[in-house]
Amino acid sequence: MKENNVRLHPEKHDVILIIMVILSAAIYSFGMNTFVKSGNLFPGGYAGISRLISQVLALGGINLSFSIIYFVLNALTTIFVWKRIGHKFVLLSFLWFSMTSLFTGIFPEKVITNDPLLIAVFGGLINGFAIGISLRNNASSGGTDFIAIYLSMRYNMPTWNYVLVVNGAVLAIAGILFGWDKALYSIIFQFVSTQVVNSMHQRYKVTRLDVVTNSPDEVCNAVFHTCRHGITKVPCEGGFTDKPHWLLLITINTYQLKEVVDIIKATDPHAFITLNSVERIIGNYYQKPLE
């Protein structure tokens with residue numbers, strides 16, 4: 001019976017991932033049809049580019065839906081990143097933007113409020129929340145997310161704020177063609193969305209732990225059984241007691257933080273731990289690859 005349970009567990013996990021990805025796409029599509037379209041905003045990434053292309057074509061009398069343009073752009077990018085990012089991640093991302101293309105085409109368009117500031121803020125919250133859910137479940141919205149994730153993997157640093165800068169070109173064109181008020185409110189929308197994603201997605205954020213302990217070998221072994229990261233051991237001395245101790249320098253991904261701190265405290269309840277945010281890593285650092 002145990003072997004059957006172990007064999008079924010990955011399948012159940014995959015089912016949960018698929019459900020969460022579809023739910024995320026539904027939430028995102030709701031935000032698009034309720035806030036983005038009613039406020040005539042331009043989201044970040046391929047969603048903004050697709051809306052811009054769709055509206056520019058409409059000015060020339062050509063009606064091509066957002067859903068079709070969005071799907072085609074993402075499909076082309078998916079082919080490009082197939083060999084560069086984990087296949088499972090790419091497939092789940094393909095599911096996400098496919099369902100988003102479908103949902104935005106069939107969900108009704110509703111107007112909750114006509115206040116452009118409320119539309120920008122709450123639309124950004126919903127947009128970022130939906131993308132955050134997808135990222136936490138091994139998927140993304142594709143497009144520029146693929147590019148940001150690839151850069152994050154390569155340089156071991158979060159790059160979502162840089163995506164906000166790249167989107168500036170789309171907003172500039174939108175401002176010229178459709179009015180600068182739409183572009184400026186879109187900036188608020190994108191900023192709010194980016195901050196929500198940053199707060200929810202911890203994979204490429206890195207934290208350094210400084211651990212003072214009298215049980216260095218035991219703590220190191222416990223951490224090694226929890227995550228695959230190196231540890232630097234430095235002999236030190238207490239300034240008040242003059243007693244010898246060991247300083248352990250450990251750099252881990254932020255999403256691993258709670259588990260690592262708990263195992264350290266369980267191994268040495270008297271350990272003194274300080275946490276430091278790491279802006280960037282230069283050198284060899286193991287980053288668990290996307291599946």
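Visitor: What counts as a polar contact?
Guide: A pair of N or O atoms within 3.5 Å; within protein, one must be able to donate a hydrogen and the other to accept it, and residues adjacent in sequence count only if both atoms are side-chain atoms.

Visitor: What caps α5 at the N-terminal end?
Guide: Aspartate 115 does. One of its side-chain oxygens lies 2.9 Å from the backbone nitrogen of leucine 117. The model is predicted; local features need pLDDT of at least 70, side-chain atom pairs 80 or more, and totals for chains, interfaces and linings use all residues. Residues are numbered from 1 along each chain as written, and side-chain values use heavy atoms, without hydrogens or water.

Visitor: What follows α5?
Guide: Asparagine 138, with a positive phi near 65 degrees.

Visitor: Switching to strands. How do β2 and β3 run, parallel or antiparallel?
Guide: Antiparallel, with 7 bridges joining β2 (residues 231-237) to β3 (residues 244-253). Strands are DSSP E runs of at least two residues, and pairing takes at least two bridges.

Visitor: Which residue stands opposite cysteine 236?
Guide: Histidine 245, in β3.

Visitor: How many residues sit between the two strands of the hairpin?
Guide: 6 residues separate β2 from β3. In that turn, aspartate 242 has a positive phi of about 60 degrees.

Methods
Helices (H or I, at least four residues) and strands (E, at least two) are DSSP runs, numbered from the N terminus.
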